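Dear colleague,

Please find below the structure that I am handing over to you.

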Amino acid sequence: MLSVATLYACSSDSLITDEADLTEQTLELQRSSIEKAVTRPFKINAEGDFNLFPGDGVTCPAVVLNALGEGTATHLGLSTMLEEWCFNGEGNDLGTRTLTLTAANGDVLHGTHSYILWTSPTSFEEVLVFDGGTGRFENATGEFNESVVVIFDTEFGGTFTLSGKGTLTY
């Protein structure tokens, strides 16, 4: 009799209810972390290498830029950065540009570029917007302004240094 009662107690209906409760608890934790998000100052200094490649004509019509660097960023510490840019070759339209910052502990912060102003043939100012990530940066928002200096070592690549500041909410 005890075995039969145990089987009924472990029915699939109770598993479905338990799964629904767990889903609701997960959603509540996510809402709670968003509500507790704090806006903080953000600074970054980094340097690295960049390379230009011809686009494939389909996913990237004109020119691809990949920049890989490392530096120090507030709230990430020593971190690596990867910038990927697909220029579509049409006037002032910069195409698709993304930034990925990875902290020493593996947390990732994503961003996109929203504005660029060339101040000389080898330097520019730009605005980047944070749009999430992983770990503690899962729902991160914010933006920062950065100054970038590039030095072409060849026709298709070189080095860069950048510094920037803004805000980060997470």
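**The disulfide and its surroundings**

Cys 60 is buried, at a relative accessible area of 4%. Please bear in mind throughout that the model is a predicted one. Cys 86 also counts as buried, with 15% relative accessibility. Both values fall in the buried class because that class takes in whatever lies under 20% relative accessible area.

These two cysteines are bonded to each other: a disulfide joins Cys 60 to Cys 86, with an S to S distance of 2.1 Å. A disulfide is a covalent bond between the sulfur atoms of two cysteines. The pair links distant parts of the chain, since Cys 60 belongs to the loop between β1 and β2 while Cys 86 belongs to strand β3, 26 residues apart. The link of Cys 60 and Cys 86 is right-handed, with 115° about the S-S bond. A search of the whole structure finds one disulfide.

The C-alpha atom of Gly 95 is separated from that of Cys 60 by 8.7 Å, although the two residues are 35 residues apart along the chain. Gly 95 is located in the loop between β3 and β4 (96–103). With a relative accessibility of 33%, Gly 95 counts as partly exposed.

**The chain as a whole**

How many helices and strands does the chain have? Its secondary structure comes to two helices and eight strands. Read from the N terminus on, the order of the elements is α-α-β-β-β-β-β-β-β-β. The chain has 170 residues, and buried residues make up 31% of them.

**The largest pocket**

The space in the largest pocket amounts to about 230 Å³. Its lining consists of 17 residues, and those nearest the centre of the pocket are Phe 50, Leu 65, Trp 85, Phe 124 and Val 150.

Of the elements, β7 gives the most to the lining, with four residues.

**Aromatic rings and the charges over them**

Seven aromatic pairs are found in a search of the whole structure. Phe 42, Phe 130 and Phe 144 together form one aromatic cluster. Phe 130 has a further neighbour in Glu 143: the C-alpha atoms of these two residues, 13 residues apart along the chain, are separated by 5.6 Å. Glu 143 has its place in strand β7 and is partly exposed, with a relative accessible area of 41%.

Two arginines are placed over aromatic rings. Arg 97 lies over the face of Trp 85, at 4.6 Å from the ring centre. Trp 85 is also one of the residues that lie nearest the centre of the largest pocket. The charged end of Arg 40 sits over the ring of Tyr 170, 4.1 Å from the centre of that ring.

**Two further residues**

His 75 deserves a separate mention on account of its backbone. Most residues other than glycine have a negative phi, and most peptide bonds are trans. The phi of His 75, however, is near 75°, a positive value in a residue other than glycine. His 75 is found in the loop between β2 and β3. Is this residue buried or partly exposed? His 75 is partly exposed, at a relative accessible area of 23%.

Val 108 lies in strand β5. With a relative accessible area of 13%, Val 108 is buried. Val 108 and Thr 80 are 28 residues apart in sequence, and their C-alpha atoms are 9.6 Å apart in space.

**In brief**

With kind regards

Conventions: Residues numbered from 1 in each chain as written. Predicted model: local features only at pLDDT ≥ 70, side-chain atom pairs only at ≥ 80, totals over all residues. Heavy atoms only, no water. Phe/Tyr/Trp six-rings, centres within 6.5 Å; stacked < 30°, edge-to-face > 60°. Lys NZ or Arg CZ within 6 Å of the ring centre and 35° of its normal. 1 Å grid on protein atoms, 1.4 Å probe; cavity = no way out; pocket = protein on both sides within 12 Å on 5 of 7 lines; lining within 4 Å. Points joined across faces, edges and corners; volume = space filled by probe spheres on them. Disulfide = S-S within 2.5 Å. Buried < 20%, exposed > 50% of the residue type's maximum accessible area, 1.4 Å probe, protein only.
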